[in-house]
Amino acid sequence: MRQPSYQSIHGITLIELIFTVASASILCAVSLPALGSLMQSGQSHSAHNALVAALNLARSSAVSRQADVSICPSRDGTTCDNAIWWQRGWIVFADANRDGARGPNEAIIHVGQMRGGMAIVSTAGRRHVIYRADGTSAGSNLTFTFCDRRGPASADTVVISNTGRIRSGKATVSQAAAACAGLAVP
């Protein structure tokens, strides 16, 4: 009598399949929170870079035009909001009358838009940035604080000095708390 050959049988058992699916499910469940944090980090860096690029554009435009150029928060992309919240967007414009608010005859140079899930707040006394023809920033130092859904521990800042220099840093506890409160601002 000849024994059946098991070499020609291919496939997996039900037990092996269940074990593989369970292992894959556990790995997915463990990695999803880290993936969400990674996505929030990417969105935060994107917002940070977009605002810094707009500030650099405003500064270089002021120098090249030899005239004042302002950047302010804007909800509609045409007028300045009288607010400290920048997460809705901003506009860069030629500020001919040097008032920090866009008038009907002042040209828009750039419009920045943001997505949800991010709060950007400026220093309470500064609702806009004016760059002069020599590249300096009018007024006192201005701090932008960024907060996303990861919370205050991940908040960071962008500071503009009077010389117009832009630098980044870690937010203080009070800056982070103020910015993260903006996540609820519509």
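Let's start with serine 74, which counts as buried at 1% relative accessibility; buried here means under 20% relative accessible area, exposed means over 50%, and partly exposed is in between, with a 1.4 Å probe and protein chains only. You'll find serine 74 in the loop between β1 and β2. A word on those labels: helices (H or I, at least four residues) and strands (E, at least two) are DSSP runs, numbered from the N terminus. What does serine 74 touch, leaving aside its neighbours within four places in sequence? It is in contact with Thr79, Asp81, Arg88, Gly89, Trp90 and Ile91, where contact means heavy atoms within 4.5 Å.

Before I go on, some housekeeping. This is a predicted model, where local features need pLDDT of at least 70 and side-chain atom pairs count only at pLDDT 80 or more, while totals for chains, interfaces and linings use all residues. Residues are numbered from 1 along each chain as its sequence is written, and side-chain values use heavy atoms, with hydrogens and water left out.

Okay, the sheet. Four strands make an open sheet, in the order β3-β2-β1-β5, and the pairing is antiparallel. Two strands pair if DSSP finds at least two bridges between them. At the edges sit β3 (108-112) and β5 (129-131), each pairing on one side only. Ignoring direction, neighbouring strands of this sheet are turned by 15° against each other on average; the axes are lines fitted to C-alpha atoms, for helices over the stretch in contact, and angles run from 0 to 180 degrees between N-to-C directions. Now pick out β1 (residues 69-73) and β2 (residues 90-94): they run antiparallel, and five bridges join them. Isoleucine 71 stands opposite valine 92 in β2.

Isoleucine 71 shows up again in the largest nonpolar core, as one of the residues with the most contacts inside it. By nonpolar core I mean a set of buried Ala, Val, Leu, Ile, Met, Phe, Trp, Tyr and Cys residues joined through side-chain atoms within 4.5 Å. The largest share, seven residues, comes from α1. Apart from this core lies another, of six residues, among them Ile84, Val121, Cys147 and Cys180.

Take phenylalanine 146 as an example. Not counting residues up to four places away in sequence, phenylalanine 146 touches Ala47, His48, Leu51, Met118, Ala119, Ile120, Ala155, Asp156 and Val158.

A search of the whole structure finds one aromatic pair, and it is tryptophan 86 with phenylalanine 144, edge-to-face, 4.8 Å centre to centre and 85° between the planes. The rule is that rings of Phe, Tyr and Trp (its six-membered ring) pair if their centres lie within 6.5 Å; planes under 30 degrees apart count as stacked, over 60 as edge-to-face and the rest as tilted. Tryptophan 86 is in the loop between β1 and β2 and phenylalanine 144 in strand β6, so the pair links parts of the chain 58 residues apart. Both tryptophan 86 and phenylalanine 144 are buried.

On to the cysteines. How many disulfides does a search of the whole structure find? Two, a disulfide being a pair of cysteine sulfur atoms within 2.5 Å. One is between cysteine 72 and cysteine 80, with the sulfur atoms 1.9 Å apart. Their link is left-handed, with -80° about the S-S bond. Cysteine 72 counts as buried at 1% relative accessibility, whereas cysteine 80, at 22%, counts as partly exposed. The other disulfide joins cysteine 147 to cysteine 180, S to S 1.8 Å, and that link is right-handed, with 85° about the S-S bond. Cysteine 147 lies in strand β6 and cysteine 180 in helix α2 (residues 173-181), so the pair ties together parts 33 residues apart in sequence.

Last, the backbone. Most residues other than glycine have a negative phi. Glutamine 66, in the loop between α1 and β1, has a positive phi of about 55°.
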